[in-house]
There are 2 protein chains.
Amino acid sequence: MRYEDLAERVVAGEHRAIARAISVVEDGTTEAAPLLGPLFGCAGRARVVGLTGPPGVGKSTLVDRLTAEWRGAGQRVGIIAVDPTSPFTGGAVLGDRVRMQAHAGDSGVYVRSMATRGHLGGLARATGDAVVVLDAAGHDVIVIETVGVGQGEVEIARTADVSVVVTVPGTGDDVQAIKAGIMEIADIFVVNKADREGADRAVAEIEAMLALQESPSEDRPPVCKTQASTGAGVAPLVAEIDALARGARHRGGRRRERARSRLRAALTDRFLDAVGDATIDAAVERIVDGSADPYREADGILERALAARRGAAAAAAGRGAGASDG
Amino acid sequence: MRYEDLAERVVAGEHRAIARAISVVEDGTTEAAPLLGPLFGCAGRARVVGLTGPPGVGKSTLVDRLTAEWRGAGQRVGIIAVDPTSPFTGGAVLGDRVRMQAHAGDSGVYVRSMATRGHLGGLARATGDAVVVLDAAGHDVIVIETVGVGQGEVEIARTADVSVVVTVPGTGDDVQAIKAGIMEIADIFVVNKADREGADRAVAEIEAMLALQESPSEDRPPVCKTQASTGAGVAPLVAEIDALARGARHRGGRRRERARSRLRAALTDRFLDAVGDATIDAAVERIVDGSADPYREADGILERALAARRGAAAAAAGRGAGASDG
């Protein structure tokens with residue numbers, strides 16, 4: 001199918017077309033502009049919510065509850081579960097089957113796991129592009145669920161309209177992890193499993209940390225308590241998310257970050273494609289056998305790539321001159 | 001100081017020069033080739049050990065114990081603590097002060113925290129370059145400690161000679177995290193805090209997971225129990241790491257991954273530099289105001305960058321023709 005036709009079917013909301021389009025962006029082809037360009041033109045209405053936290057805090061259950069709330073309000077929900085799994089096989093082990101059961105048969109919910117393929121940065125780019133697909137397909141809310149506090153997750157959270165960081169009452173390790181992690185980009189903190197001992201202390205610790213920041217108290221991220229297993233606290237959390245997302249959309253800051261991140265990723269991919277695997281492989285072999293270093297090789301590849309084109313241009317100019325002479 | 005002179009002082013093992021050189025690579029200037037080129041030529045002898053795991057498993061204490069073992073064997077140890085902290089301020093909050101106390105006054109140990117600055121991929125590149133600095137400075141072992149299971153961490157672990165994944169006995173969440181995380185790139189698993197209840201079960205769970213893989217049992221990663229607080233189990237772990245690292249170095253596979261990762265990062269940085277912030281900023285504004293999409297903008301920027309050079313080349317060719325005519 002032509003990418004233009006696929007784009008049309010995505011905008012019509014066809015689930016199979018959505019799945020196909022996300023597979024295209026996941027493969028990371030740089031020739032997907034005819035697909036993504038039109039989709040991007042139809043996107044921009046969805047609220048993009050990032051939800052992150054270490055394993056075991058109940059993110060999946062919480063996302064299911066949030067989804068149920070939004071569905072109850074007639075909203076269409078797209079969920080992207082970002083899986084740091086398996087850089088070699090590209091497999092996504094978590095989620096899909098289990099998650100789909102909760103909303104099976106509900107055409108207003110689309111769930112997709114994404115795993116990294118290819119080089120660093122590929123996952124952030126693919127996730128950003130998948131958001132465009134789900135947005136263009138008419139989803140009102142798009143949740144990006146990530147594990148951990150790695151740089152990739154930070155990059156992904158930065159581009160959401162609202163970043164939600166989830167933790168649980170515990171030994172203080174989790175609070176430390178937040179502190180060391182994505183504290184500065186969190187818009188909302190959630191202490192899940194709030195029936196556990198120490199929930200209020202966890203809330204107090206996060207609030208104390210936030211009080212150390214320089215921002216005025218009215219700009220500080222709210223700290224919500226939830227119990228995803230029962231649904232307690234989920235409705236107020238949804239209200240906080242929606243209020244922030246609607247505000248953030250008009251402020252445009254996150255949207256600018258998102259545009260910059262996408263552009264940079266697309267540029268990088270295209271450039272590496274233009275250089276070509278053969279050139280990179282040859283340079284890698286020279287580096288491995290000790291006859292070259294990566295830094296001068298990089299300088300050289302950039303220089304040669306441009307020189308080759310200059311040469312082609314000069315040859316073309318020469319042919320042109322010859323033709324006009326003849 | 002000229003980069004060439006700085007490189008000489010790094011190779012001489014001067015701590016201040018090492019610190020200065022790592023700051024240069026952390027800043028991510030693309031003009032550091034005169035520093036990194038010579039250093040790369042002197043590097044390649046160190047064993048590079050990646051050590052990763054979620055917060056609270058005792059990574060820092062374990063690294064201290066490992067360091068004491070290597071020091072006892074007369075080895076020089078460089079430690080890079082990768083901090084996913086604070087993408088906006090670039091601050092590195094964890095580690096340095098606390099860590100340095102344990103090995104204060106020991107000139108055979110160099111500890112450095114690194115945090116992300118700038119765009120995605122910057123941390124992996126900077127960490128890789130810092131390994132080159134520490135390697136050239138004569139460290140026998142370089143430990144890269146990372147938190148979490150994000151893609152950045154996976155990328156970093158991939159380039160180590162030996163990747164060690166640390167967990168603790170627990171609810172099974174940690175094992176799930178490993179499963180979902182860097183399972184396939186782990187060379188050694190460690191169950192730390194092995195005095196806790198459930199340690200043997202944790203080992204059995206990891207071994208059961210490994211048995212599901214297709215690799216023959218003799219190629220399966222060992223699972224070690226340690227108690228970093230007392231030092232129990234650390235000497236056998238060091239023996240496993242050293243044996244693998246010495247083998248891996250000769251196999252060269254990891255070294256090839258590392259060369260590829262460095263080259264790609266250096267290329268990407270240089271290309272984005274060549275495009276320039278002004279061009280990217282202007283395109284971002286067009287994307288934000290809805291008059292453009294990131295994919296066609298990326299195509300356009302690449303095309304225009306090359307066309308501009310073609311134009312310059314054509315102009316130069318034209319001038320040349322004019323001169324020969326005149």
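**Close-up 1. Aromatic pairs in the predicted model.** Rings of Phe, Tyr and Trp, the last by its six-membered ring, are taken to pair if their centres lie within 6.5 Å. By this rule, three aromatic pairs are counted over all chains of what is a predicted model. A pair of aromatic rings is described by the distance of the centres and the angle of the planes, and both values are given for the two pairs that follow.

**Close-up 2. The aromatic pair of A:F40 and B:Y295.** The rings of A:F40 and B:Y295 are arranged edge-to-face, with 6.3 Å from centre to centre and 80° between the planes. Because A:F40 belongs to helix α3 (residues 33–42) of chain A, while B:Y295 belongs to helix α13 (residues 294–325) of chain B, this pair joins two chains. A:F40 and B:Y295 are both buried.

**Close-up 3. The aromatic pair of A:Y295 and B:F40.** Here too the arrangement is edge-to-face, the rings of A:Y295 and B:F40 being 6.4 Å apart from centre to centre, with 80° between their planes. The pair crosses between chains, leading from A:Y295 in helix α13 (residues 294–325) of chain A to B:F40 in helix α3 (residues 33–42) of chain B. With a relative accessible area of 3%, A:Y295 is buried, and B:F40, with a relative accessible area of 15%, is buried as well.

Close-up 4. Over all chains, the count of disulfides comes to zero. Since buried means under 20% relative accessible area, A:C224 counts as buried at 11% relative accessibility, whereas B:C42, at 26% relative accessibility, counts as partly exposed.

Technical notes. Residues numbered from 1 in each chain as written. Chains lettered and ligands numbered in written order. Predicted model: local features only at pLDDT ≥ 70, side-chain atom pairs only at ≥ 80, totals over all residues. Heavy atoms only, no water. Phe/Tyr/Trp six-rings, centres within 6.5 Å; stacked < 30°, edge-to-face > 60°. Helix = DSSP H or I, 4+ residues; strand = E, 2+ residues; numbered from the N terminus. Buried < 20%, exposed > 50% of the residue type's maximum accessible area, 1.4 Å probe, protein only. Disulfide = S-S within 2.5 Å.
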